[in-house]
Amino acid sequence: MLPLPGQAPHGKVFLNRYTSPMNLKMTWPGRIAFAALWLLGAIPLSVLHGLASVLAWPLARLSFRESRVARLNLLLCFSQLDEAERRRRHRQVLRETLCMLLESGRVWTRPVGQALRWVREVRGLEHLQAARAGGRGVIVAAPHLGNWELFGHYLSSLGPLSIVYREPQWVPAHQILLLGRGGGAVEQLPAQPSSVRKMLKALRDGRLLGILPDQQPKVGEGEFAPFFGYPALTMTLLSRLAEKSAVEVVFGFAERLPRGGFRVHFLPAPEGIADADPVRAATALNQGVEACVARSPWQYQWTYKRFSWRPQDGSRNPYVHGHEAIHPPSEQA
């Protein structure tokens, strides 16, 4: 039987961690934002999801940034859907995005054990256990799918965890992320070249290293590889870490269930993810993300501009040029 949250010995102290918004070394805007999230976290999960369902309908009709981006991404990646089905899925994507935002109130501001009570089932944990055999470190690739913040809490209940993150520009948001993702119980490493040495050390020390594999890197820090049939600038950091450390990569995410709660998934990485050829490794990385998305496609973060950087093949940024820049995958260079 697979362990559920709280059964791992490592998690005892961390699962009981509690952070009060009035006892933080934060700026006042950060304290106010944290307190607002704390109040949001008092609302039952079923009510939050109901609110997300209600709000998704009017938001789908508005021309705000996230709605436009989601609509274009669905056109790019699900061109086989007819217009009516695509509109329905667009509303569903916005609903799932709202669910993720509303759930963050509890995930970031309550004891970790409380948030993990939402986990109803765990599938594929044997893949992670096999990768960790003998106390080895493991790279856990966690796409922006379902609730990745809750998934991070689940990982932290299984053993010492380091995570790679991108620092928000707004200082209070950065403070909330550092606290909400575990405070001192989780090692948090900025996604920058100066942190690579610390990432390798974490893996050598047998830690889990969580990385969001589907963030668009800076030009020069990634390779173009197919993602749902379209070239997408893809990070090479994860594959380079796997190659240098000789550890295994496992994919994982927390899927939101229709009747409340979450199901945690772990999947093996595709062959070639640690290949010395960066394009082959990036292609395998995207295949791993696609395999996760296939389990719950409308819970993916389609509101993210995944295809804004284009290869030098004459293709244009779809988020700037709209429908005119969209062609079937078979027509891509």
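Predicted model: local features only at pLDDT ≥ 70, side-chain atom pairs only at ≥ 80, totals over all residues.
Me: What is the volume of the second largest pocket, and which residues lie closest to its centre?
Reply: The volume is about 500 Å³. The lining has 20 residues, and Arg 166, Ala 191, Gln 192, Glu 221 and Leu 237 are the closest to the centre.

Me: How do you know what classes of residue line this second largest pocket?
Reply: The count by class gives 12 nonpolar, 3 polar and 5 charged residues. Leu and Ala count as nonpolar, and Arg and Glu count as charged.

Me: Why is β3 called largely enclosed?
Reply: Buried means under 20% relative accessible area. In β3, 5 of the 5 residues are buried, so the rest of the structure largely encloses this strand.

Me: How do you know that both faces of β3 are covered?
Reply: Take the faces one at a time. Leu 161, Ile 163 and Tyr 165 are on one side, and they are buried. Ser 162 and Val 164 are on the other, and they are buried too. In a regular strand, side chains alternate between the two faces of the sheet.

Me: What makes β3 a partner of β5 and of β4?
Reply: Two strands pair if there are at least two bridges between them. β3 has 4 bridges to β5. It has 4 bridges to β4 as well. β3 runs parallel to β5 and parallel to β4. Ile 163 has Gly 210 of β5 as its bridge partner. Val 164 has Leu 189 of β4.

Me: How do you know that β2 pairs with β5?
Reply: The same cut-off of at least two bridges applies. Strand β2 (residues 138-141) and strand β5 (residues 208-211) are joined by 4 bridges, and they run parallel. Val 140 is bridged to Gly 210 in β5.

Me: Why is the sheet called open and mixed, and which strands stand at its edges?
Reply: 7 strands make up this open sheet, in the order β1-β9-β8-β2-β5-β3-β4, and their pairing is mixed. β1 (119-123) and β4 (187-190) are the edges: each has a single partner strand, so one side of each has no neighbour in the sheet. On average, neighbouring strands are turned by 25° against each other, direction ignored.

Me: What makes α8 a helix that packs on the sheet?
Reply: Contact means heavy atoms within 4.5 Å. Helix α8 (residues 148-156) touches β1, β2, β3, β5, β8 and β9. Its direction makes about 70° with that of β9.

Me: How many cavities of 30 Å³ or more does a search of the whole structure find?
Reply: The search finds 1. A cavity is a space where a 1.4 Å probe fits but cannot get out. The largest cavity has a volume of about 220 Å³. It is lined by 16 residues, and Trp 148, Gly 152, Ile 163, Arg 181 and Leu 212 are the closest to its centre.

Me: Which element gives the most to the lining of the largest cavity?
Reply: α8 does, with 6 residues. α8, β3 and β5 each supply at least two. By class, the lining divides into 11 nonpolar, 3 polar and 2 charged residues.

Me: What volume does the largest pocket have, and which residues lie nearest its centre?
Reply: The volume is about 970 Å³. Its lining has 35 residues, with Leu 101, Trp 108, His 144, Trp 148 and Gln 301 nearest the centre.

Me: Which helix supplies the largest share of the lining of the largest pocket?
Reply: α5 supplies it, with 8 residues. Helices with at least two residues in this lining include α2 (28-40), α4 (65-77) and α9 (171-180). The lining divides into 20 nonpolar, 8 polar and 7 charged residues.

Me: Where does Pro 297 lie?
Reply: Pro 297 is in the loop between α12 (278-295) and α13 (318-321). Beyond its neighbours within four places in sequence, Pro 297 is in contact with Phe 78 and Trp 302. Pro 297 and Val 93 are 204 residues apart in sequence, yet 8.8 Å apart in space, C-alpha to C-alpha.

Conventions:
Residues numbered from 1 in each chain as written. Heavy atoms only, no water. Axes fitted to C-alpha atoms, helices over the stretch in contact; angles between N-to-C directions. 1 Å grid on protein atoms, 1.4 Å probe; cavity = no way out; pocket = protein on both sides within 12 Å on 5 of 7 lines; lining within 4 Å. Points joined across faces, edges and corners; volume = space filled by probe spheres on them. Buried < 20%, exposed > 50% of the residue type's maximum accessible area, 1.4 Å probe, protein only.
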